[in-house]
Amino acid sequence: MPTVTLEPGMPQTIGEAFAHIGSVTSPTVMDIKVMCLVEAASKELYRATAAGAENPAVADLLRTNGDEEFVHARRAAAVLKVLTGEDFTPPEADANPYLASGVFPIGELTPAGLRKLSEAEFSGETLYEGWAASIGNDEAAALLRANGKEETDHGNRLLQAAALLESALAG
């Protein structure tokens with residue numbers, strides 16, 4: 001699969017992309033493409049984090065979040081199709097420009113690190129809700145809201161994983 005090429009004006013690194021997405025209140029087509037790439041990349045970032053987990057239940061929770069991130073990427077691509085008629089396929093890791101410099105853990109695999117990451121996931125629901133409210137298309141808004149609800153699920157899984165790690169440390 002050929003690597004997706006970043007369009008002019010798109011953030012050039014995954015760090016820049018996360019920061020950009022967090023600042024958008026009314027998304028453009030470019031912003032939705034960036035979100036699609038970020039969500040697709042997040043699958044691999046969660047998998048890299050899970051690979052460092054000694055507790056199989058923690059690893060499963062992280063992998064589940066990663067799998068859903070790719071579902072979010074597909075929904076973002078569906079939003080693009082609804083709005084523009086254009087097909088945009090979420091890339092696998094080897095074709096995602098935001099993973100060109102490698103895959104790394106999405107957060108620190110400690111109770112505190114997972115709680116911090118959960119805050120970002122919980123704020124994702126608010127972000128997606130704002131995008132849905134501003135998009136001006138009911139079908140696209142429903143897709144964005146579905147992603148937002150699952151961001152809350154991700155946050156709850158991360159809190160579960162943090163509790164499992166704490167219990168192992170106390171054990």
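This is a predicted model: local features need pLDDT of at least 70, side-chain atom pairs count only at pLDDT 80 or more; totals for chains, interfaces and linings use all residues.
A contact, in what follows, means heavy atoms within 4.5 Å.

Residues are numbered from 1 along each chain as its sequence is written, and side-chain values use heavy atoms, with hydrogens and water left out.

Now the fold. The chain has five helices and zero strands (DSSP runs, H or I of at least four residues for helices, E of at least two for strands, numbered from the N terminus). Of contacts with a separation of 6 or more, 77% are between residues 24 or more positions apart.

Next, the interior. Of the 171 residues, 46% count as buried, meaning under 20% relative accessible area with a 1.4 Å probe, protein chains only. The largest nonpolar core has 32 residues, and Tyr98 is among those with the most contacts inside it, along with Ile32, Val34, Trp131 and Leu144. A nonpolar core here is a set of buried Ala, Val, Leu, Ile, Met, Phe, Trp, Tyr and Cys residues joined through side-chain atoms within 4.5 Å. Each of the helices α1 (14–23), α2 (29–51), α3 (56–84), α4 (111–134) and α5 (138–170) supplies at least two residues of this core. The largest share, nine residues, is from α2. Apart from this core lies another, of 13 residues, among them Leu117 and Leu165.

Methods:
Buried means under 20% relative accessible area, exposed over 50%, partly exposed in between (1.4 Å probe, protein chains only).
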